[in-house]
Amino acid sequence: MRLKFTRKMVVIWLLALLSSTGSLLAQNRQEFSLNEAIKFAIENNINVKNSGLDALSSEARIQEIRGVALPQVSVAGSISDNLIIQRAFLPAKFFNQNASDSDPPVAVQFGVAYSGNATGTLNQLLFDASYRLGLKAAETYRQLAQKNIMASKIGVAEQVAKAYYGVLVNEQQIKLLDLNIARVDTLFKNTQALNKQGFAEKIDVSRLEVQVNNLKAERQNVKNLVELSYYLLKFQMGLGINDNITLTEQIQDIDLDAMERSTVQSSAEFDYNQRIEFSTLQSQIQLADLDVQSVAKLYYPRLSAFANYGYNTGRNRFSEVIGSPWFNSALVGINLSVPVFDGFQKKYQAQQKRFTLQKAQNSGQLLKNSIDLQIRQSTITLGNSLQTLRTQKRNVELAQEVARVTKIKYQEGVGSNIEVLDAENSFRQAQTNYFGSLYNFLQTKVDADKANGKLYIGN
């Protein structure tokens, strides 16, 4: 049986296929606000994951240090085949009291052909002044690992926020370009009609056609830039390049004045520990101080206990080694080690570590000054960016009004085509300047939040 497909059936089938494909794409598409994008990135970004692995590694290192104080137990065993038994030389009188002193010594074998032993050893640390200090250092090391994770999260939040804002600005720029194209294209078609009626010159039509073409070319460039911005955002979030995402926020939803107010604050209210770099450096200073103290602890004695228990045997035939009785042995003891003189090694080790501590403390003061400078710079830069943005926004409004009035004058025959083109070019340039200043302001806002330690304060 041969089926015949009509054009209507093919159209219905194609529509059904497109509908199902669109539904599948919609299901795979993910929607993100800025905060959701940052949260997703922190959970999936490779750098953050690697920082987490470093923290797990440091935790394992801490448990390794704790294990020093636990009992250390080992078991060993061996069976030996003494191929050639070494001989010991004893005086002849040892075997014959009547032998003279000049008689040669007698070579005697001490040992058997086969020997075996099995031993269990227990060691327990009783006192080590540096051990407790090591536990303190381990806790500080744990805190440092967690702070490194936070530093990675802040870096990811910064990159995601900047990429997110970049997408929003470029998408808004495309929307305005579409409005510009529609407006100029309408003027172009009207001028074509007037030209056909003899009320407009051909050169006027050509100028407007050039304007439309330029706008369309610019739109294509911005469209490509939007696509690139999405790629960058997905990369920062830890998504695949081909993943579909939708941003739920719009440029119009951003309260620029509120963003400025949230950043401006007095330096007296600022806590340096809000900056992860300063908090991390404080942990590093603590570790350096503990490192200095650890050298002093090396002058203390070290006390440990030990116990051994084992069996051994020896036979001249290998078959007798396994079946013959094994004889046990045991011992317990205490080992005390007291450092007396090391050629001043510890003294100079302590000097080196004190210098390292002083450098870390100096770095802390330098970082404070650097943070103060960054806050002042970010506040001033943000204020300047906002002022520039407001100016450019006002320029867009003025240029739009000039373009509107110039178009009306041209349509009423009291203006020239050149004036219309100049007004449109000025309007487009004002829009370009506005979007540039908007993008700059949003990037500056992210930098200001980072300088004030407020960019990311999550876990």
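1. Helices in this note are DSSP runs of H or I with at least four residues, numbered from the N terminus. The model under discussion is a predicted one. In helix α10, Asp449 and Lys445 are four residues apart and therefore separated by about one helical turn. Their side chains meet in a salt bridge, at 2.5 Å from N to O. Both Asp449 and Lys445 are buried. A network of salt bridges with shared partners joins Glu158, Lys162, Asp447 and Lys450.

2. Side chains of opposite charge can pair when their charged atoms come close. The count of salt bridges comes to 18. One of them links Glu59 and Arg142, whose closest N and O atoms are 2.8 Å apart. Because Glu59 belongs to helix α3 (residues 46–66) and Arg142 to helix α4, this pair ties together parts that are 83 residues apart in sequence. Glu59 is partly exposed, with a relative accessible area of 28%.

3. A further salt bridge is formed by the side chains of Arg219 and Asp178, at 2.3 Å from N to O. Arg219 lies in helix α5 and Asp178 in helix α4, so the contact ties together parts 41 residues apart in sequence. Arg219 is partly exposed at 24% relative accessibility, and Asp178 is partly exposed with a relative accessible area of 29%.

4. The largest nonpolar core comprises 63 residues. Those with the most contacts inside this core are Val160, Leu233, Met237, Leu247, Leu438 and Leu442. At least two core residues come from each of α2 (34–44), α4 (129–196), α5, β6, α9 (345–411) and α10 (417–451). Helix α4 supplies the largest share, 18 residues.

5. The strands β2, β5, β7 and β8 form, in that order, an open sheet with antiparallel pairing. Its edge strands are β2 (72–81) and β8 (327–337), each of which pairs on one side only. From one strand to the next, the twist averages 15°. Strands β5 (residues 114–128) and β7 (residues 302–315) pair in the antiparallel sense over 14 bridges. Phe127 stands opposite Leu303 in β7.

6. On the surface, Leu225, Leu228, Tyr231, Leu232, Phe235 and Ile241 form a nonpolar patch, with about 560 Å² of accessible area together. Ile241 is located in the loop between α5 (202–237) and β6 (245–247). With 41% relative accessibility, Ile241 counts as partly exposed, because that class falls between the limits of 20% for buried and 50% for exposed residues.

Notes
Residues numbered from 1 in each chain as written. Predicted model: local features only at pLDDT ≥ 70, side-chain atom pairs only at ≥ 80, totals over all residues. Heavy atoms only, no water. Patch = residues over 30% accessible without salt bridge, like charges linked within 9 Å, V, L, I, M, F, W, Y side chains within 5 Å. Areas by Shrake-Rupley, 256 points an atom, 1.4 Å probe, with all protein chains shown as cover. Salt bridge = Lys/Arg side-chain N within 4 Å of Asp/Glu carboxyl O. Buried < 20%, exposed > 50% of the residue type's maximum accessible area, 1.4 Å probe, protein only. Pairing = 2+ DSSP bridges. Axes fitted to C-alpha atoms, helices over the stretch in contact; angles between N-to-C directions. Core = buried A, V, L, I, M, F, W, Y, C linked by side-chain atoms within 4.5 Å.
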